[in-house]
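Trainee: I have not seen this structure before. Could we go through it step by step?

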Amino acid sequence: FGPVSRPWAMTFAPFGSWNSPSSGVEPIWGQPTSTIDFCEPNYVMPWVAEFANSVSALPMVWLPAAGLRQAWLLGFGSEIVVAYAVIFVVGIGTLMFHATLSRTGQILDEIPMMWSVLALLH
């Protein structure tokens, strides 16, 4: 499987695209190896594959981390702590996937999502 190209998709490129043939800049994480590529230009800066998706994943890391800390400090039940923890892990995986567009990042994004559904339904 290789990256999917969607030339019909609307794109967001506030800084231009670093992976254009004329830029000559190699992305830090290498070329994308994921089987999914969203409708955002890749590597608008050389260290982040999908800038907007990566930035939008930050609240999925920060908010559950803050909630996890508060739940732990206030002595909430383990079900609340687990709920915050699984959402935090999903946020980390999402950030890693959209920052790198690697197959490994994709797996670290998708599997915690499945785990979180199972944990939250339990």
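The questions below go from the whole chain to single contacts.

Trainee: Which elements make up the protein, and in what order do they run?

Mentor: Keep in mind that this is a predicted model. The protein has three helices and zero strands. Read from the N terminus, its elements run α-α-α.

Trainee: What percentage of the residues count as buried?

Mentor: A residue counts as buried when its relative accessible area is under 20%. The protein has 122 residues, and the share of them that is buried comes to 32%.

Trainee: Is helix 1 roughly parallel or roughly antiparallel to helix 2?

Mentor: The axes of helix 1 and helix 2 are 8 Å apart, and the packing angle is about 160°. Angles over 145 degrees count as roughly antiparallel. Therefore helix 1 is, relative to helix 2, roughly antiparallel.

Trainee: What is the handedness of that crossing, and how many residues of each class are in the contact of helix 1 with helix 2?

Mentor: Helix 1 passes helix 2 in a crossing that is left-handed. Sorted by class, their contact holds no charged residues, six polar and 19 nonpolar.

Trainee: How does helix 2 lie against helix 3, roughly parallel or roughly antiparallel?

Mentor: Helix 2 covers residues 78-100 and helix 3 covers residues 103-121. Their axes are 7 Å apart, at an angle of about 160°. This angle makes the pair roughly antiparallel.

Trainee: Which residues of helix 3 meet helix 2, and how many residues in the contact are charged?

Mentor: The crossing of these two helices is left-handed. On the helix 2 side, the residues include Val82, Val86, Val90 and Phe97; on the helix 3 side they are Gly105, Gln106, Leu108, Asp109, Pro112, Met113, Ser116, Ala119 and Leu120. By class, the contact has 12 nonpolar residues and six polar, and the number of charged ones is one.

Trainee: Is glutamate 40 buried or exposed, and which backbone atom does its side chain reach?

Mentor: Glutamate 40 is in the segment before helix 1, which spans 51-73. Its relative accessibility is 8%, so glutamate 40 counts as buried. At 2.9 Å, the side chain of glutamate 40 reaches the backbone nitrogen of phenylalanine 51.

Definitions and conventions:
Residues numbered from 1 in each chain as written. Predicted model: local features only at pLDDT ≥ 70, side-chain atom pairs only at ≥ 80, totals over all residues. Heavy atoms only, no water. Axes fitted to C-alpha atoms, helices over the stretch in contact; angles between N-to-C directions. Helix = DSSP H or I, 4+ residues; strand = E, 2+ residues; numbered from the N terminus. Parallel < 35°, antiparallel > 145°, perpendicular 65-115°, else oblique. Left-handed = near helix turned anticlockwise from the far one by under 90°. Contact = heavy atoms within 4.5 Å. Nonpolar A, V, L, I, M, F, W, Y, C, P; charged D, E, K, R; others polar. Buried < 20%, exposed > 50% of the residue type's maximum accessible area, 1.4 Å probe, protein only. Polar contact = N/O pair within 3.5 Å; in protein donor to acceptor, adjacent residues only side chain to side chain.
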